[in-house]
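Please read them with the coordinates open.

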Amino acid sequence: MITPELALMLIFVSIAFVFAYLAVEERKLIRAVVYSAVQSAAFAFLFYLLGAPDIVLVYVPVTVGIYPAALLFLIRKTEEVENP
Amino acid sequence: MIDIEVFIKTFIVLALFGTAGVGLYGVIAKPHATKKIISLTILGDTVNALAILLGYRYPGGIPPVYTGQPPNEFVGSAVDPLPQALVLTAIVIGMAVNLLIIYIALQTYRLYGTLDTRLIKKLRG
Amino acid sequence: MSGVRKVASAVALLAIVAVLSLGAAAGGMGPFFDGIRALGTFYLSTAPPQIAELVLGPSYRGLSSYSPEVVTSIVWDYRGLDTYFETAVFFLAIIGAVAIYRGIEEPVLRRPASGLSPIVRAVTKFLIPINIAVAASIALHGHLTPGGGFQAGAALAVAPVIVIVVFSRRYLLERGVTKLKALFLRSVGLIGIALVVLIPVIWSVLSGEWAWVMQNQWKPGAEVFSYPAYLGGALISGSIWFLNLFEFLAVSFGFTILFLLISIDEDTVRSCMIRGGEECDRY
């Protein structure tokens, strides 16, 4: 018996896992930040499904807005590519 | 016969563990400081998600905000508010600490001219 | 070297995931996808005033925090000291970042303000007031609907980021959002939190009656003091409304400071670090 919540959680957790792996393995750091933001968006949907609207309200601005902005400032001022 | 519901539940928990492991792998194995910071945010987010998942009530958890339904129904179906309260502060404080780490990385780049930890390790003085 | 290191990290990663899964499988992390703990049930049945009066009866209704939003009432009432010291950690992290940028101020240059295209600017000019209004509504209704000081502070902190990216840093400074003002408003927020926490104690010293630190409603053993749960017929949940408001100020302006600093031009920072603060302190 599959409820829609469980199916959606499965989808979003899978998206988060894939994009977390892509973010860690990506050599171009700006792309890594974007992948990390996608992973965070998937987690935001997961939090909504888990019955936590408070966490969604704090999580979306923090991890989709502020972290990428700060990291992009850092990357623009330092190095853009990670050497293997 | 495999119970599909148990499979999905186990998959969700294990995928979260796997994501935490990916974040930890990035923190340990990747040489670039910016990549370490990105991995650290992934690790922190995943641990927070696991904490929220611990407080989830299945089937049919509703958010812990009282909206005027019968009290027994609310207490009997709302999810656990305590992990949410802890994670709420953890996210904001974690963001402040991570921004401090970003500032320190920026200062490191100004002083050493690189953020590659292998190169920083070789520099002396 | 690198190959060995990769294999070692992969093995360590697998081992950690295996150990965590073993712990979860043995029930060591509590029930996943199951009921909730007794402590959670206690919070759920005491925080909303309607349920508390039904469950606890009028003699123990002081255990309630008079807020239908259970998460906010845990954050600011049941586990309030926890949040208080987390705010102290937040304060120290921001002070650390400000200390790295000590003595560095961008000199006033008459450069043309750089930014994105006019269409983006026009849209942003409409969006910023909406952002501020939503953040204020999240903060001020935080005791009734999902929201609160932390959420609203994070939501408002997005506004300076957008302004800096779309317009420029100077645009924000010319509108009066400077580092000193942001530091002042953040300090107002922190002092407000400390005052709301300490008012029961001050009152206790003055009146000779017993009261706890961070007391919201009266408690068994400290029956006399309690913040007003209703103000003019509207539910404000005692101290929770004030704490949400002050935390909103502290969080949003704390992050505003950080983004004002991180957006300073790198050449300016380097010249200030090398030559000292002479021309950098002029503002």
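1. Buried area here is the accessible area (1.4 Å probe) that two parts lose on being put together, summed over both. By that definition chain C and chain B bury about 4,900 Å² between them, and carbon and sulfur atoms supply 78% of this area. In terms of contact (heavy atoms within 4.5 Å), 59 residues of chain C meet 50 residues of chain B.

2. Conventions. The model is predicted: local features need pLDDT of at least 70, side-chain atom pairs count only at pLDDT 80 or more, and totals for chains, interfaces and linings use all residues. Residues are numbered from 1 along each chain as its sequence is written, chains are lettered from A and ligands numbered from 1 in the order in which they are written, and side-chain values use heavy atoms, with hydrogens and water left out.

3. Confidence in chain C. Mean pLDDT (the predictor's confidence in each residue, from 0 to 100) is 84 for chain C, with 89% of its residues at 70 or more. Among the elements of chain C, the highest mean belongs to α10(C), at 92, and the lowest to α11(C), at 76. Where pLDDT is low, the predicted coordinates should not be read in detail.

4. The most come from α5(C), with nine residues.

5. Chains A and C. Here 13 residues from chain A and 21 residues from chain C take part in the contact. The buried area is about 1,400 Å², 78% of it on carbon and sulfur atoms. On the chain A side, A:Asp54, A:Phe73 and A:Lys77 lose the most area to chain C, together 43% of what that side buries.

6. C:Glu266 again. Which residue of chain A forms a salt bridge with C:Glu266? A:Lys77 does, the closest N and O atoms being 3.6 Å apart. One salt bridge is found across the interface of chain A and chain C. On the side of chain A that touches chain C, α3(A) gives the most, with 11 residues.

Note on methods. Helices (H or I, at least four residues) and strands (E, at least two) are DSSP runs, numbered from the N terminus. A salt bridge is a side-chain nitrogen of Lys or Arg within 4 Å of a carboxyl oxygen of Asp or Glu.
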